[in-house]
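Colleague: Could we go through this model together? I would like to start with the domains and then turn to the ligand.

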Amino acid sequence: MISKAVLEALQKFVPCENIRLQEPMADHTTFRIGGPADCFVQLENEKQLKDVRRYLELAGVPFFVIGNGSNLLVSDSGYQGVVLQIGSEMSDIRVEGCRMVAKAGASLAQTARMALKHGLTGLEFASGIPGTVGGGVVMNAGAYGGEMCQVVTQVTVVNRDGETMELDNETMEFGYRTSVIRHSAFIVTEVAFSLAHGDRDTIQARMEELAGRRREKQPLEYPSAGSTFKRPEGHFAGQLIMEAGFRGFQKGGARVSDKHCGFIINTGNATARDVLDVIASVQAGVKDKFHVDLETEIVCLGV
Ligand SMILES: Cc1cc2nc3c(=O)[nH]c(=O)nc-3n(C[C@H](O)[C@H](O)[C@H](O)COP(=O)(O)OP(=O)(O)OC[C@H]3O[C@@H](n4cnc5c(N)ncnc54)[C@H](O)[C@@H]3O)c2cc1C
């Protein structure tokens, strides 16, 4: 529960209509799962972010930043604190030659489309990833041989003191579905990409090809958070899960997708508990059969 004093302070920095109390997180995650956040704030610009962050740090109020919530499992009991969303209100993109600079709330799809419009190649892989630029850089999102770390040159962040800092590619410590941001207090506000001039038709054809591959292989008709598990070295998670006999395995409303066993889907009324139960069963089954540890890729909040 957020106190009246905290609410009044937040209202000094952010318009009232951007602040919601007891906001269901199921409405802000692609899994369509998650209980209420005590307070949910949609940020419109860096100034709001800095002011709010400074205040919450000083007041000792817990907070969590989200983009599109496409890699997120939120507890059924919700989040006892403030969720800060950096989304469509902070999504400007500018292009300077082969350099493209996107605000953290721009969607990866929108950013890839902008690259296409300017005949820039390098972001085709990201066109079907349903996250924001901020979330994408934090997770070092990747697909079909491309990864954010291959094209990101500079990341602008706000630190704990509410000050702006610039991190270069090396400082980002990108790894497989991770970066330094995951284990630090930085909040991403802007990302610069270095792309190359390319042929527009070729770029578009590649994006369409990848979209087709996604439609064919992934259960896009159901809510999910994408691949539930990281790829274990030398294996494919989906294949191990299938061969361990978990295709279609279901607990409550959460199910191992029949189409792609690496995805856990919400068949309609799944709870976070259901998803965690499926995860635990799959991990135990795969460990038992193949002696491989499956590590989760999705980020869990409050669970
Ligand atoms: C159908 C489907 C397909 C997918 N396919 C892929 C794929 O091919 N490849 C892939 O890598 N992923 C994939 N994903 C997962 C997901 O889309 C990516 O991880 C994406 O980058 C997450 O971005 P987001 O904005 O939704 O982040 P969120 O889920 O909102 O957040 C993820 C993490 O980033 C942090 N975060 C978000 N924004 C910021 C910010 N501005 N500053 C600091 N921290 C921040 C959050 O705190 C959280 O820890 C898929 C998901 C779905 C549902």
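This is a predicted model: local features need pLDDT of at least 70, side-chain atom pairs count only at pLDDT 80 or more; totals for chains, interfaces and linings use all residues.

Colleague: Which domains does the assignment give?

Modeller: The assignment lists domain 1 (4–85), domain 2 (91–202) and domain 3 (219–301); such bounds come from an automatic or database domain assignment.

Colleague: How far apart are the C-alpha centres of domain 1 and domain 2?

Modeller: Those centres are 23 Å apart. Domain 1 brings 12 residues to the contact and domain 2 brings 16 residues, where contact means heavy atoms within 4.5 Å.

Colleague: What area do domain 1 and domain 2 bury between them?

Modeller: About 1,100 Å², with 56% of it on carbon and sulfur atoms. Buried area here is the accessible area (1.4 Å probe) that two parts lose on being put together, summed over both. On the side of domain 1, Glu 46, Lys 50 and Arg 53 supply 43% of the area buried against domain 2, more than any other three residues.

Colleague: How many salt bridges are there between domain 1 and domain 2?

Modeller: The count is 2, a salt bridge being a side-chain nitrogen of Lys or Arg within 4 Å of a carboxyl oxygen of Asp or Glu. Glu 46 also pairs with Lys 103 in a salt bridge, their closest N and O atoms being 3.1 Å apart.

Colleague: Which elements give two or more residues to the side of domain 1 that touches domain 2?

Modeller: They are α2 (46–59) and β3 (63–66), taken from DSSP runs numbered from the N terminus (helices: H or I, at least four residues; strands: E, at least two). The largest share, 6 residues, comes from α2.

Colleague: Changing topic, how many residues surround the ligand?

Modeller: There are 36, and the closest are Val 65, Gly 67, Ser 70, Thr 132 and Gly 142; a residue counts if one of its heavy atoms lies within 4 Å of the molecule. A backbone N or O atom of Gly 67 is 2.8 Å from a ligand oxygen atom. For Val 188, a backbone N or O atom lies 2.9 Å from a nitrogen atom of the ligand.

Colleague: Back to salt bridges: how many does the structure hold?

Modeller: It holds 20. One joins the side chains of Arg 54 and Asp 51 at 3.6 Å, N to O.

Colleague: Why are Arg 54 and Asp 51 separated by about one helical turn?

Modeller: Because Arg 54 and Asp 51 are 3 residues apart in helix α2.

Key
Residues are numbered from 1 along each chain as its sequence is written. Side-chain values use heavy atoms; hydrogens and water are left out. A polar contact is a pair of N or O atoms within 3.5 Å; within protein, one must be able to donate a hydrogen and the other to accept it, and residues adjacent in sequence count only if both atoms are side-chain atoms.
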